[in-house]
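Biologist: I have a new model open and would like to learn how to read it. Could you walk me through a few features?

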Amino acid sequence: MAVTLGLLLLQLTVALTDGGSDFLVDQPRRVYGVEGGSVTLPCSFSYPDHLRPRDFDVLWRVGNYHGLFIFNRTQAFTHRLYQGRITFLGSPILDHTASIRLDHLRRSDSGRYFCRIKILGESNEVWQNIPGTLLSVGAPTERLSVTVTVESNPPPSGTPPWLPYVAGGCGLELLLLLISRMVLLLLLLIAGVVMGICQRKRRRKAK
């Protein structure tokens, strides 16, 4: 009994201290992109320490957990819908990453993407993130057009249509100034006519 209990404790201790005992593929739940732009789909992974892989096969699929394969690193495969638009950014051996960048985004690229890792070596283990990453592609930000409209204040109610009005309420003063100048010119004209008549009368009397 004591031996059995000791073995159980030993197994439990090994399980707790072995930090790399699980296969794990980590992805963000959601990323956002803009139509025509680029977006990175991050992926990192870990595996049990006792494995000694010589390399990793990285695959990406879209739609659902068993969806369409769009990228295969080892086979240098890219689906025709993504041809020339996927760039592999990961470094599987150095830092256990398998991220990709998707360029020239389209609205139809919106969907869920899954990163799948396969160990190449003695143990050909394969594991994949379950929920994947939801990509949402939106329309590009529209340029804001600012229209500046300058409006004058409307004339006060009761203003005759023939009376000029400008913003600031100086239309009446302007009209009075014009009238006064016209009256002055008219008076000067009348005075000139009167003086002319008087001069003619004087000339006739002199004769």
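This is a predicted model: local features need pLDDT of at least 70, side-chain atom pairs count only at pLDDT 80 or more; totals for chains, interfaces and linings use all residues.

Biologist: Is Q27 buried or exposed, and why?

Modeller: Q27 has 8% relative accessibility, so it counts as buried. Look for Q27 in the loop between β1 (24-26) and β2 (30-34).

Biologist: Which polar contact does the side chain of Q27 make with another side chain?

Modeller: The partner is the side chain of T133, at 2.9 Å. A polar atom of the Q27 side chain also lies 3.1 Å from the backbone oxygen of Y113. Beyond its sequence neighbours within four places, Q27 is in contact with residues including C43 and C115.

Biologist: Cysteines! How many disulfides does the structure hold?

Modeller: A disulfide is a covalent bond between the sulfur atoms of two cysteines. Here there is 1 disulfide, joining C43 to C115 with an S to S distance of 2.3 Å. The two cysteines sit 72 residues apart, C43 in the loop between β3 and β4 (44-46) and C115 in strand β10. The link is left-handed, with -80° about the S-S bond, and both C43 and C115 are buried.

Biologist: And how should I read the nonpolar core?

Modeller: In soluble globular proteins, nonpolar side chains tend to be buried together. In this model the largest nonpolar core has 27 residues, and F45, W60 and I117 are among those with the most contacts inside it. Strands supplying at least two core residues each include β5 (55-62) and β10 (111-120). Setting aside neighbours within four places in sequence, I117 is in contact with F45, F56 and W127, among others.

Note on methods. Residues are numbered from 1 along each chain as its sequence is written. Side-chain values use heavy atoms; hydrogens and water are left out. A nonpolar core is a set of buried Ala, Val, Leu, Ile, Met, Phe, Trp, Tyr and Cys residues joined through side-chain atoms within 4.5 Å. Buried means under 20% relative accessible area, exposed over 50%, partly exposed in between (1.4 Å probe, protein chains only). Helices (H or I, at least four residues) and strands (E, at least two) are DSSP runs, numbered from the N terminus. Contact means heavy atoms within 4.5 Å. A disulfide is a pair of cysteine sulfur atoms within 2.5 Å. A polar contact is a pair of N or O atoms within 3.5 Å; within protein, one must be able to donate a hydrogen and the other to accept it, and residues adjacent in sequence count only if both atoms are side-chain atoms.
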